[in-house]
Amino acid sequence: MKPNPLVIAVAAAVLGFFAAIAAAANHGPETINIFGGQSGNVPFTHAQHQNRLNDCNVCHSIFPQETDAIKRMKESGALKPKKVMNLQCIKCHKEEKRAGKPHGPITCSTCHKK
Ligand code: HEC
Ligand code: HEC
Ligand code: HEC
């Protein structure tokens with residue numbers, strides 16, 4: 001039986017569609033509202049940080065690339081509250097500030113929004 005070109009074209013389109021979804025989904029949302037407890041949640045520019053830092057594991061070495069990963073790990077005791085905040089977010093922003101470079105927020109209310 002000769003392969004039907006229409007079937008091949010449709011199959012290729014379907015595969016391309018799913019590949020595009022997978023590629024887009026891998027990067028996660030452009031912005032994420034991170035759970036921040038009583039101080040208020042933290043609006044986070046995910047895509048801008050990906051572009052700046054060029055290495056997912058700067059952050060994802062201690063929590064997976066999943067929705068609400070940090071919150072779930074804190075609830076199960078796998079991650080201490082404020083660890084991501086202190087050892088990643090604030091640490092880096094302070095280092096950039098010390099180096100005289102443009103840096104992210106360092107004070108509570110510039111990150112946490114009620
Ligand atoms: C500056 C830190 C940082 C960098 C760098 C970073 N991420 Fe994230 N990412 C986060 C945070 C914070 C979350 C939110 C986790 C949560 O909701 O608990 C997250 C969540 C995600 C999620 C899940 C999003 C969702 O809600 O469905 C995906 C997927 C993801 N990241 C992919 C990536 C990829 C791919 C890269 C590299 C190209 C990357 N991230 C780089 C901090 C970062
Ligand atoms: C650079 C942004 C940033 C700054 C500045 C910042 N935070 Fe956070 N904070 C976060 C993020 C992100 C989380 C969630 C991840 C975690 O627990 O490490 C968080 C989590 C917390 C939590 C734990 C919430 C919970 O219930 O798990 C508390 C409490 C907190 N912050 C208080 C503060 C206080 C007080 C200050 C000022 C001294 C401050 N934060 C400054 C980003 C920030
Ligand atoms: C390894 C370094 C690094 C880490 C880790 C990091 N940031 Fe940043 N952040 C930056 C830099 C650099 C800027 C940009 C300053 C500029 O260009 O104005 C920035 C800017 C920001 C801004 C201002 C909006 C923007 O994107 O310009 C927010 C809000 C912010 N960071 C939140 C966070 C939070 C929350 C975390 C932790 C989940 C985090 N950052 C982790 C380096 C970092």
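**Figure 1. Contacts of ligand 1 with the backbone of A69 and I70.** A polar backbone atom of A69 lies 3.0 Å from an oxygen atom of ligand 1. For I70, a polar backbone atom is 2.8 Å from an oxygen atom of ligand 1. On the side-chain part of the site, a polar atom of Q50 is 3.2 Å from a nitrogen atom of ligand 1. A polar contact is a pair of N or O atoms within 3.5 Å; within protein, one must be able to donate a hydrogen and the other to accept it, and residues adjacent in sequence count only if both atoms are side-chain atoms. This is a predicted model: local features need pLDDT of at least 70, and side-chain atom pairs count only at pLDDT 80 or more, while totals for chains, interfaces and linings use all residues. Residues are numbered from 1 along each chain as its sequence is written, chains are lettered from A and ligands numbered from 1 in the order in which they are written, and side-chain values use heavy atoms, with hydrogens and water left out.

**Figure 2. The shell around ligand 1.** Ligand 1 is surrounded by 23 residues, the closest being H46, C56, C59, H60 and T67. A residue belongs here if one of its heavy atoms lies within 4 Å of the ligand. At least two shell residues each come from α1 (5-26), β1 (32-34), α2 (46-53), α3 (57-60) and α4 (69-76). The element that gives the most is α2, with four residues. Helices (H or I, at least four residues) and strands (E, at least two) are DSSP runs, numbered from the N terminus. By class, eleven shell residues are nonpolar, nine polar and three charged. Ala, Val, Leu, Ile, Met, Phe, Trp, Tyr, Cys and Pro count as nonpolar, Asp, Glu, Lys and Arg as charged, and the others, Gly among them, as polar.

**Figure 3. Ligand 3 and its surroundings.** There are 19 residues around ligand 3, with T45, H49, C89, C92 and H93 the closest. A polar side-chain atom of T45 is 2.5 Å from an oxygen atom of the ligand. A nitrogen atom of ligand 3 lies 2.8 Å from a side-chain N or O atom of H49, and H93 likewise has a side-chain N or O atom 2.8 Å from a nitrogen atom of ligand 3. Two or more shell residues come from each of β2 (42-44), α2 and α5 (83-98). With five residues, α5 gives the most to this shell. The shell holds ten nonpolar, seven polar and two charged residues.

**Figure 4. H49 in helix α2.** H49 lies in α2 and has a relative accessible area of 19%, so it is buried. Buried means under 20% relative accessible area, exposed over 50%, and partly exposed in between (1.4 Å probe, protein chains only). Leaving aside residues up to four places away in sequence, H49 touches F44, N54 and H93. Contact here means heavy atoms within 4.5 Å.

**Figure 5. Ligand 2 and its surroundings.** Around ligand 2 there are 22 residues, of which K74, M85, C108, C111 and H112 are the closest. A side-chain N or O atom of K74 is 2.6 Å from an oxygen atom of ligand 2. Backbone N or O atoms also approach ligand oxygen atoms, at 3.1 Å for V84 and 2.9 Å for M85. The elements giving two or more residues to the shell are α4, α5 and α6 (108-111). Its largest share, six residues, comes from α5. The residues divide into 13 nonpolar, six polar and three charged.

**Figure 6. Helix α5.** The 16 residues of α5 should span 22 Å at 1.5 Å a residue, and the end C-alpha atoms are 21 Å apart, which agrees. The expected span is 1.5 Å times one less than the number of residues. A kink of about 35 degrees is centred on K91; the bend at a residue is the angle between axes fitted to the seven residues ending there and the seven starting there. V84, Q88, I90 and H93 are buried in this helix, and their cover includes α2, α3 and α4. G100 follows α5 and has a positive phi, near 75 degrees.

Figure 7. N54, in the loop between α2 and α3, has a phi near 60 degrees, a positive value in a residue other than glycine. N54 counts as exposed because its relative accessibility is 70%. D68 sits in the loop between α3 and α4, and its phi is also positive, near 60 degrees. The relative accessible area of D68 is 46%, so D68 is partly exposed.
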